[in-house]
Amino acid sequence: MGVKGRVHSWETCGTVDGPGIRFIVFLQGCLMRCLYCHNRDTWDLEGGKEVSVEEIMAQLTSYRHFFEASGGGITASGGEAALQLEFVNELFAACKAEGIHTCLDTNGLIRKHTQVVDDALAVTDLVLLDIKQMNDDVHQNLVGVSNKRPLQFAEYLNRIGKKTWIRYVVVPGYTDDDASAEQLADFLAPMDNVEKVEMLPYHELGKHKWEAIGETYQLDGVSPPPKETMERLKQIFISRGLNASY
């Protein structure tokens, strides 16, 4: 083990990034520019601090009794964890050696499919894959890049049978319409590896991070979607045979 990761922070007892109680490592750097990003301070590829696998394992193992009792484990998140897959691979391999459940939280923007992608996935028990929007024009307006690679990655995860949870952020004016949900549901319905769709209502809890670095939060004033909208979209996913919740 020699690869170091550039880490923004970690959370010892997370409950929303995978099953059970989890140790969440927020890796530094992201290439998407989501208008609603609540971790704006993780975008800088050179930010954070360099941390070794051994340092994280020392912290992780001291909390493992919480994970084991709840069916939890470790989640690599971000920023974007897929930008540091060599580090994720070493970290998850060390976790698997200790019998710790591993989860990769990613936007699927895999720039080039190399062996390290397969190596990291081999020691990943569960992928949390964000699919922002099926319409590529809207996707680019919302996050600044095309959805081509994330969708290709979703299809690859299905081909290799990797257990996956899909995350779909419901953003008023961008992803809260029936057509967007129907497109995504139709895309996911044939995928046997997708265990569920987690619908995440938009919020502006990260707005202060934008303001702290002197940037304008572009969705200022946008309200979270009402329960009626969340329920309507949920039923679209369910109608395609998908397990959906929010």
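This is a predicted model: local features need pLDDT of at least 70, side-chain atom pairs count only at pLDDT 80 or more; totals for chains, interfaces and linings use all residues.
Local features were taken at pLDDT of at least 70 and side-chain atom pairs at pLDDT 80 or more, while totals for chains, interfaces and linings use all residues. Numbering starts from 1 along each chain as its sequence is written, and side-chain values use heavy atoms, without hydrogens and water.

Helices (H or I, at least four residues) and strands (E, at least two) are DSSP runs, numbered from the N terminus. Two strands are paired if DSSP finds at least two bridges between them. Strands S4 (residues 73-78) and S5 (residues 101-106) run parallel and are joined by four bridges. Glycine 73 has histidine 101 of S5 as its bridge partner.

Contact means heavy atoms within 4.5 Å.

An unreviewed UniProt entry annotates residues 16-239 as "domain: Radical SAM core". UniProt positions follow the numbering used here, feature names are shortened, and annotations may be inferred rather than shown by experiment. The span of residues 16-239 is 39% helix and 19% strand, and its end C-alpha atoms lie 25 Å apart.

The peptide bond from glycine 78 to glycine 79 is cis, with omega near 15 degrees. Glycine 79 lies in the loop between S4 and H3. The expected span of a helix is 1.5 Å times one less than its number of residues. For the 13 residues of H3 (residues 85-97) this gives 18 Å, which agrees with the 18 Å between the end C-alpha atoms. Relative accessible area defines buried (under 20%), exposed (over 50%) and partly exposed (in between), with a 1.4 Å probe and protein chains only. Buried residues of H3 include Leu85, Phe87, Val88, Leu91 and Phe92. Just after H3, glycine 99 takes a positive phi of about 75 degrees.

Alanine 76 is placed in strand S4. Its relative accessibility is 2%, so alanine 76 counts as buried. Beyond residues up to four places away in sequence, alanine 76 touches Val25, Ala81, Val88, Phe92, Cys103, Leu104 and Asp105.

Rings of Phe, Tyr and Trp (its six-membered ring) pair if their centres lie within 6.5 Å; planes under 30 degrees apart are stacked, over 60 edge-to-face and the rest tilted. Five aromatic pairs were counted. Tryptophan 10 and phenylalanine 23 form a tilted pair, 6.0 Å centre to centre with 35 degrees between the planes. Tryptophan 10 lies in strand S1 (residues 4-14) and phenylalanine 23 in strand S2 (residues 22-27), so the pair ties together parts 13 residues apart in sequence. Tryptophan 10 is partly exposed at 28% relative accessibility, whereas phenylalanine 23 is buried at 0%. Trp43, Trp210 and Tyr217 form one aromatic cluster.
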